[in-house]
Amino acid sequence: MSEKTGLQVSFVTITEDHLGQRIDNFLITHLKGVPKSAVYRILRKGEVRVNKKRIKPVYKLQLDDIVRIPPIKVAEREEFVPKNLDVVTKLEDAILFEDKYLMVINKPSGMAVHGGSGLSYGLIEALRVLRPEERSLELVHRLDRDTSGCLLIAKRRSVLTSLHEQLREKTMEKNYWALVDGQWDSKDKNVTDGLLKNTLQSGERIVRVNNTEGKPSHTRFKVLERFDECSLVQASPVTGRTHQIRVHTQCRGHAIACDDKYGNQAFDAAMRNIGLSRLFLHAHDLSFYHPKNETTMRVEAPLDKALVNCIKTLRAAKS
């Protein structure tokens with residue numbers, strides 16, 4: 001995508017990366033910091049032109065289209081996420097893989113993937129500050145705020161589209177490590193309980209098992225290691241429902257350690273006594289087909305110190 005900017009308007013020439021994208025979605029991504037209502041207003045007024053012609057919001061961009069964008073105030077990203085924020089700069093060290101098409105980062109526990117719900121910024125906003133030259137950084141999938149591990153970021157719309165297709169076709173493999181209460185039955189390899197999402201009056205999201213009204217859900221489980229009172233399991237979600245692994249372990253009577261929504265208080269207290277103060281759920285590895293290099297990639301995220309120390313303590317206490 002090439003761009004020429006004047007004092008009044010800017011002109012963007014569409015390349016293959018935005019071929020077939022709707023003009024409204026293109027503008028929402030291109031004009032970071034501009035409210036969606038403002039984007040649709042300039043479209044409705046005909047201030048946005050493609051090849052000098054008025055277009056509707058559903059128009060799909062073609063190769064070499066020239067898009068005229070009127071002057072519109074864009075919020076400064078640097079004001080949104082200060083560059084000197086320690087947690088932002090630490091993300092540089094958390095990058096597990098990066099090329100010009102995508103990035104895999106080891107998301108720290110406690111950091112939301114995006115801003116909202118009272119949060120001024122999230123991981124994706126922080127990355128946009130670290131990589132100001134990248135205009136199209138987008139989350140391929142999400143992780144809960146307290147979950148750590150592999151998070152995939154696309155740098156091109158065409159890459160994002162391809163990776164989303166892999167998620168829909170269930171060809172992307174994601175393996176999580178979770179420390180759960182009690183002894184997981186090795187024969188319990190597939191949990192397929194339906195999940196129903198509810199939003200409380202406070203705005204908090206809670207997911208419950210509901211095999212009548214809930215969405216079909218599937219998680220594969222494998223025991224990695226057993227301890228006296230708990231088990232380290234690998235959870236591989238086939239579907240991608242909200243809080244899926246956390247609820248699928250809970251409904252089997254094996255809540256994840258230090259889960260403030262679905263946990264077992266007695267188990268959590270025991271884990272805190274040995275020094276664990278965060279949710280023990282970690283996106284350990286991720287396998288996907290690189291849409292540009294045409295190779296299958298596997299990226300692994302190391303456990304942080306809190307999880308490593310917890311496992312060491314549990315091993316030492318084995319009877």
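## Overall make-up

The secondary structure of this protein comes to nine helices and 17 strands, where helices (H or I, at least four residues) and strands (E, at least two) are DSSP runs numbered from the N terminus. The model is a predicted one, in which local features need pLDDT of at least 70 and side-chain atom pairs count only at pLDDT 80 or more, while totals for chains, interfaces and linings use all residues. Residues are numbered from 1 along each chain as its sequence is written, and side-chain values use heavy atoms, with hydrogens and water left out.

Taken along the principal axes, the C-alpha atoms fill a box of roughly 75 × 45 × 45 Å. Of the 319 residues in the protein, 47% are buried; buried means under 20% relative accessible area, exposed means over 50%, and partly exposed lies in between, with a 1.4 Å probe and protein chains only. Among contacts (heavy atoms within 4.5 Å) with a separation of 6 or more, 62% come from residues 24 or more positions apart.

## The nonpolar cores

In soluble globular proteins, nonpolar side chains tend to be buried together. A nonpolar core is here a set of buried Ala, Val, Leu, Ile, Met, Phe, Trp, Tyr and Cys residues joined through side-chain atoms within 4.5 Å. The largest such core has 46 residues, and those with the most contacts inside it are L152, I153 and F288. Two or more residues each are given to this core by β7 (102-107), α5 (123-130), β9 (148-154), α6 (157-168), β10 (173-181), β15 (230-237), β16 (281-290) and β17 (295-300). The element that gives the most is β9, with five residues.

Leaving aside neighbours within four places in sequence, L152 is in contact with L102, M103, V104, E138, L139, V140, H141, L163, M172, L286 and F288. A second, separate core of 17 residues includes I23, F26, L61 and V67.

The axes of helix α1 (residues 23-30) and helix α2 (residues 36-44) come within 10 Å and cross at roughly 130°; axes are lines fitted to C-alpha atoms, for helices over the stretch in contact, and angles run from 0 to 180 degrees between N-to-C directions. The two helices are therefore oblique to each other, given that angles under 35 degrees count as roughly parallel, over 145 as roughly antiparallel, 65 to 115 as roughly perpendicular and the rest as oblique.

On the α1 side the contact is made by I23, D24, L27 and I28, and on the α2 side by K36, V39, Y40 and L43. These residues divide into six nonpolar, no polar and two charged, with Ala, Val, Leu, Ile, Met, Phe, Trp, Tyr, Cys and Pro counted as nonpolar, Asp, Glu, Lys and Arg as charged, and the others, Gly among them, as polar. Six of the eight residues of α1 are buried, so α1 is largely enclosed by the rest of the structure; the buried ones are I23, D24, F26, L27, T29 and H30. Helix α5 is also largely enclosed by the rest of the structure, because seven of its eight residues are buried, namely L123, I124, E125, A126, L127, R128 and V129.

V191 lies in strand β11 (residues 190-191) and, at 0% relative accessibility, counts as buried. Not counting residues up to four places away in sequence, V191 touches W184, S217, H218, T219, F221, H248, C251 and R252. The C-alpha atoms of V191 and A317, which are 126 residues apart along the chain, are separated by 30 Å.

E225, in strand β14 (residues 219-226), is buried with a relative accessible area of 16%. With residues up to four places away in sequence again not counted, E225 touches S231, L232, R315 and K318. Its C-alpha atom and that of L179, 46 residues apart along the chain, are separated by 9.4 Å.

N51 has a positive phi of about 55° although it is not a glycine. This residue is found in the loop between β3 (49-50) and β4 (53-54), and at 37% relative accessibility N51 counts as partly exposed.

H243, likewise a residue other than glycine, has a positive phi near 55°. The place of H243 is in the loop between β15 and α7 (244-250), where, at 7% relative accessibility, H243 counts as buried.
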